[in-house]
Every structure is written in structure tokens, then in C-alpha cells.
Amino acid sequence: MKVIDTDLLSIQQARILLEQAENSRGILLDIDKETRNELLKKIKQYYKTNIDQLAKMSFEETSYGKYEDEIKLGNYYLDNLENELKAYPQIYDIVKNQNSRQVALSKGVSLVFIAPYLSTLTSFQAIYFAIRALNPLIVVSDLRCEKTVTKMVEDIKKILKENFYPRGFLDILTYNSDLGEKTLYESEKVSFILENLLSENKRKIQNDKAQIFKAEIGNNIVFIDKDCDIDKASCEVINSKTFNNGLLPGVEQSIVVEENAYEKVVEKFKEYGAFFLSKDEHIKLEKILYDQDHNCRKELIGRSARQIAEIAGIKVNSDTKILVVTKPYVSEKSPYSKEKYNPIVSLYIENDWLNACEKCVELILNDKKGQSLSIYSNDAYVIEQFIEKKPVARVLVNSPTGLGSVGIGTNLPISFSLSTKKIEGCNQTSLTPNHFMKFREIGICDKKDISSFLSEKTVKKDKDLFDKILNSLEKDY
């Protein structure tokens with residue numbers, strides 16, 4: 001009988017991947033912009049050609065979500081990718097702000113953890129951004145989607161090899177173990193870590209040398225004001241929550257409704273496919289759906305509302321899209337007050353918008369994962385209060401938190417990794433190309449000559465000096 005020490009193999013592989021990634025970086029930085037852009041076109045074409053196959057493969061492997069929705073979202077992203085990238089520099093570009101200039105630089109070896117939902121999309125976006133910034137990238141996949149993500153990485157590695165890119169530019173940890181992962185995320189060679197995992201699978205990552213972007217679905221809230229377009233709000237929230245069976249960054253978890261709007265909201269929710277559970281039914285559902293630690297059972301993540309109801313023995317309508325649990329208060333012990341990985345939402349009723357405001361804060365602070373909040377209202381003052389006073393990363397106005405947060409129909413970046421906190425040097429909590437770059441400020445004496453300042457003499461200045469020097473710095477790389 002052959003005994004394999006997986007931990008030892010994993011640690012050894014992690015060390016090799018780190019060494020190869022670091023060695024590749026020096027070669028990568030000499031690759032010019034035109035060559036890099038040609039490679040990006042080939043990788044984009046690869047994903048466009050294979051997206052249907054990859055999404056179906058991921059669904060067969062995980063049983064999470066709806067592969068049709070991942071394909072739809074992926075094609076939308078590909079169609080808008082070039083336009084999205086116009087807002088972001090490439091490495092060695094000079095970024096001009098009002099009072100300063102910065103040069104964009106490669107951040108260094110990057111590490112990404114891939115969750116078992118939207119795995120092809122999150123993998124493609126991370127790989128594309130890393131290659132665009134010439135960052136060597138090491139991928140660690142959740143075991144549930146490992147075959148799909150490994151295929152993607154290996155296919156793209158072949159493209160890199162065919163185009164004479166160095167070994168170690170992109171790779172994946174194939175011997176998965178906790179010790180192997182720890183070797184990666186604690187390494188001083190790593191400059192950036194994207195942790196895109198379900199909350200209960202989060203690693204306890206500590207690395208003083210690396211910036212860490214902690215992405216999650218989030219415990220996101222929608223407030224429906226009595227004066228809003230309730231039909232629009234109901235339609236958008238339900239369709240957003242049912243997208244990919246509730247597995248979408250920023251997706252709706254709780255709905256807070258003003259009392260005067262409650263009956264109309266219930267009517268419209270039912271019209272668009274909501275089924276309101278009785279107290280006995282939601283208690284029954286909780287016992288089936290969650291374990292003793294209030295974590296969703298892995299085999300029931302990303303199932304449709306009708307599938308979940310059937311498993312729980314609850315009879316629902318044939319057109320049911322989401323299940324609604326009406327709750328009187330927020331509870332730390334109730335899984336319904338937290339992230340939910342299915343088309344299930346909690347509903348809270350409050351007397352007025354002020355009490356609703358407090359309820360939203362209570363929900364946000366309940367598990368400290370409230371990254372997105374949406375307000376449906378036509379009252380400018382109420383909207384202003386929600387924007388100013390809610391401790392969330394983003395507030396959406398008259399838009400669902402799910403589709404809106406990933407950039408569908410809003411001015412936010414199209415992104416499939418969302419966080420509650422900004423990292424140093426980046427002003428966005430949606431993953432963007434800038435997260436894979438660092439920005440170095442350039443200071444050039446252009447207004448007052450230092451000698452003139454010290455001697456109090458007037459020195460004739462070349463007003464175009466600053467731009468001349470910048471132009472010489474801005475290489476076509």
C-alpha cells in the first residue's frame with residue numbers, strides 16, 4: 001500500500017510555485033504594452049469561446065447556482081470589458097491628478113482563492129487583471145470547483161507558453177492542504193492576496209508584507225420606502241435575489257419595509273414569485289437548511305426556492321422564485337438575520353423610515369458583513385440620511401443590491417469580488433485592475449525653484465518642465 005503525505009507534497013509544491021513566480025517577475029517587467037495587449041486578447045477569446053463549457057462543468061462539479069446565469073453574466077462582462085478598462089491605467093502609465101502625478105507599477109506576486117460559485121468568472125477576472133499588471137499569479141481553488149478552475153488555469157498556461165511567457169507567471173496549487181495554503185499566504189514573496197471564499201471557509205490570513213482583499217457575498221439590506229415605485233422595487237429585488245439562485249456578491253439578504261407600504265409590497269412580491277413562509281414553515285426549513293452552527297449545509301447551497309421547499313417538505317406555488325421569512329426582530333442566533341446562500345430573504349416591518357434606518361444598522365452590525373445597502377425612495381432627504389449614516393461600503397439608490405453591486409445598471413465597476421473595506425492605495429471596494437498595481441507619487445520641482453526659494457531670487461522657469469519629464473518617464477510598456 002502506497003502512503004502519500006499530502007501535507008508534505010502541498011508544502012513542497014507551494015514553495016516551488018512561489019520560487020517560480022518570483023523568478024518570472026523580472027522577465028515579465030520587460031514585456032511591452034503591445035505584446036501584453038495581444039496576450040490579453042487571446043485570453044479573452046479563450047474565455048469567450050469556452051464560457052458555456054466551463055460554466056456547465058462548474059455546475060456539474062458543484063451543483064451550485066444556475067450555469068445559464070453565469071454564462072449570461074460572463075458574456076455581459078466580456079462585451080463591456082474594453083470599455084470598463086478605459087478607466088484604469090496600465091503599468092508605467094502616468095496617472096495625473098489635480099495636484100500630483102503618479103506612476104502605475106506592478107504590485108508583485110499575487111495569490112487568489114476561488115470560491116465554488118461564479119468560479120469561472122472570478123477566476124477569469126483575477127487572471128486577466130493579474131496578467132494586465134504583469135503580476136505572477138498563484139491560484140488556490142475550493143475543492144468543490146477544483147477541476148473546473150484547474151482546467152482554466154492549465155488552458156491559459158498553454159496560451160502563455162505558446163507566446164513565450166516565463167514559467168511561473170500563472171499556476172495553481174494542485175495538492176491542496178491547509179499547510180500548503182498557509183505556506184503561500186504567509187510568504188514574504190506575496191504582495192497581494194484576493195480571498196474570495198464563502199464566510200465559513202475564510203482562512204485566518206496574516207501577512208504583514210501583503211495587501212489582503214477579503215471578498216464575500218455580504219449581509220446586504222434593501223429598504224423600501226412608502227413613497228417609492230413599489231412595483232419596480234419588488235420586481236428588481238426578486239429577480240436580483242433569484243439570479244444564480246442567490247449566489248451573487250452583494251445579493252439581497254434582508255428587506256426592511258415601511259409599515260404603510262407593507263401590504264402593497266406583499267402583493268407585488270407575490271405577483272413576482274415570492275412565497276411567504278409561516279412561522280412553523282420557516283422553523284421547519286431552518287432545521288433542514290442549517291447545521292447546529294447555523295451554517296448552510298453545503299449540499300443545499302445555491303439551490304432554487306422550489307428545490308429547497310421540496311426537500312423541507314413545504315408545499316409552495318409552481319411559480320415560486322424566492323422564500324420570504326417575516327421576522328419581528330434581529331437575532332444573532334438566527335441564520336435568517338445573516339448571509340444566506342439561497343433565494344431566501346428576511347422581511348422586517350418598521351413604523352417609519354427612522355425606525356427602518358435603525359433596523360438596517362442593527363442588521364449591518366449583526367455579523368459585521370453588511371457591505372451593500374439599497375434604498376428605494378423618491379425622498380431626497382431620506383436617501384441622503386441613508387447614504388451618510390449607514391456603515392456600509394456602498395449604498396445603491398433605486399437599484400437592487402445584488403445586480404447593482406456587481407455593476408449591472410449602475411455606475412459601479414463590473415466586478416465579481418466585493419469587500420466591506422478598502423485596501424491601502426485603492427479607493428474602491430469592488431475588485432478592479434488597480435488592486436493589482438501600486439502607485440508611486442512623483443514630485444518634480446515645477447512651480448518654484450528651490451534655489452530661488454533659498455536665495456530669494458527670481459529664476460526663470462520652464463513651465464513645461466513637469467510634462468517634459470513625465471513624457472520621458474512614460475514608457476510604452
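Biologist: Which residues of helix α11 are buried?

Modeller: Trp-353, Ala-356, Cys-357, Lys-359, Cys-360, Leu-363, Ile-364, Asn-366 and Asp-367 are the buried residues of α11. Buried means under 20% relative accessible area, exposed over 50% and partly exposed in between, with a 1.4 Å probe and protein chains only. This is a predicted model, in which local features need pLDDT of at least 70 and side-chain atom pairs pLDDT 80 or more, while totals for chains, interfaces and linings use all residues. Residues are numbered from 1 along each chain as its sequence is written, and side-chain values use heavy atoms, without hydrogens and water.

Biologist: What covers the buried residues of α11?

Modeller: The cover includes β8 (220-224), β9, β12, β13 (372-376) and α12 (380-389). Helices (H or I, at least four residues) and strands (E, at least two) are DSSP runs, numbered from the N terminus.

Biologist: What makes Asp-352 a cap of α11?

Modeller: A side-chain oxygen of Asp-352 lies 3.2 Å from the backbone nitrogen of Leu-354, at the N-terminal end of α11. A polar contact is a pair of N or O atoms within 3.5 Å; within protein, one must be able to donate a hydrogen and the other to accept it, and residues adjacent in sequence count only if both atoms are side-chain atoms. After α11 comes Lys-368, with a positive phi near 60°.

Biologist: Why is Glu-350 called buried?

Modeller: Glu-350 has 14% relative accessibility, and therefore counts as buried. Glu-350 belongs to strand β12, and its side chain makes a polar contact with that of Lys-359 at 3.4 Å.

Biologist: Why does Ile-255 count as buried?

Modeller: Its relative accessibility is 0%, so Ile-255 is buried. Ile-255 sits in strand β9 (252-258). Beyond four places in sequence, Ile-255 touches Val-222, Ile-224, Val-237, Val-345, Ser-346, Leu-347 and Tyr-348; contact means heavy atoms within 4.5 Å. Ile-255 and Tyr-348 are 93 residues apart along the chain, yet their C-alpha atoms are separated by 6.2 Å.

Biologist: Why do the buried residues of α9 line one face of the helix?

Modeller: Those residues of α9 (279-289) are His-282, Leu-285 and Leu-289. Down the axis of α9 they fall within an arc of 55°, so they line one face; the arc is that of the directions from the helix axis to the C-beta atoms. An α-helix has 3.6 residues a turn, so residues three or four places apart point the same way. The face turned away from the buried side carries the exposed residues Lys-279, Asp-280 and Lys-287.

Biologist: Why is Thr-320 called buried?

Modeller: Thr-320 has 7% relative accessibility, so it counts as buried. Thr-320 lies in the loop between α10 and β11, and its side chain reaches the backbone oxygen of Asn-317 at 2.9 Å.
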